Amino acid sequence: MKRPLSILFTAATTIGFTGIASASSLIQDSAETKTTESFHQVLKTNFIDGGPGFMAIVLVCLILGLAVAIERIIYLNLSTTNSKKLAADVEQALNSGGIEAAKDICRNTKGPVASIYYQGLDRADESIEAAEKAVVAYGGVQMGQLEKNVSWVSLFIALAPMLGFMGTVIGMIGSFNSIEEAGSMDPSLVAGGIKVALLTTVFGLIVAIILQIFYNYIVSKIDSIVNDMEDASITLIDILVDYKKGK
């Protein structure tokens, strides 16, 4: 009887070690699979786990906010003008060809500074005061064009985390409802709701951070262009004063 027992013990030991090795291999393969998951797959999984309802609304806020921000950035970059060069060209054209030559320079130059110069030159024949009023009035119009739709970006910045927090509250309510229905404090009952709550909050905050970066860049760009417009307006009035004296 000793020989069969030793054979059985040896077989059981071999099977046990084989099973442990197989389990260890499976765990290692699973870990490697998780490690090799792409960022896109992880993002998609978390998006679905967070609940498509609120996550989709927050994603819409991100898409619309980025669309408005990119449009504003393109517009502001196109509106940037070398005001010193423009002022020098206008002064030279004004002294050599008069008001109409200076206005032609402004017509052929893009940007709000050139538009303000054109409006001031258009009233230059009346008086310096009329030109100055035209410059101030049209400067306000151009400022409104620069700030157009920027409020939408700030709205999405505020809306995205608020929607995320709403998803958090709804997820927590669902967790407490599960506890109430079960009548016991089982961690598995609340884990799903808490996960949804955390994912929606994180996604909402990420969207707000991304849009805030674009918003701050847009605001700083607008401030830079407005300061340039103000300096250029003062320069234009000085040019017109010198031109009137030299006539």
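**The whole chain**

Start by selecting everything: of the 247 residues in the chain, 31% are buried (under 20% relative accessible area, with a 1.4 Å probe and protein chains only). Keep in mind that this is a predicted model, where local features need pLDDT of at least 70, side-chain atom pairs count only at pLDDT 80 or more, and totals for chains, interfaces and linings use all residues. Residues are numbered from 1 along each chain as its sequence is written, and side-chain values use heavy atoms, leaving out hydrogens and water.

Now switch to cartoon view: you'll find nine helices and zero strands (DSSP runs, H or I of at least four residues for helices, E of at least two for strands, numbered from the N terminus).

**Two helices side by side**

Select residues 112–122, helix α6, and residues 128–146, helix α7: they pack at about 150°, with axes 8 Å apart (axes are lines fitted to C-alpha atoms over the stretch in contact, and angles run from 0 to 180 degrees between N-to-C directions). So α6 is roughly antiparallel to α7 (angles over 145 degrees count as such).

Which residues make the contact? On α6, show Pro112, Ser115, Ile116, Gln119 and Gly120; on α7, show Ala131, Ala134, Val135, Tyr138, Gly139 and Gln142 (contact means heavy atoms within 4.5 Å). Colour them by class and you get six nonpolar, five polar and no charged residues, with Gly counted as polar and Tyr and Pro as nonpolar.

Terms used:
Buried < 20%, exposed > 50% of the residue type's maximum accessible area, 1.4 Å probe, protein only. Parallel < 35°, antiparallel > 145°, perpendicular 65-115°, else oblique.
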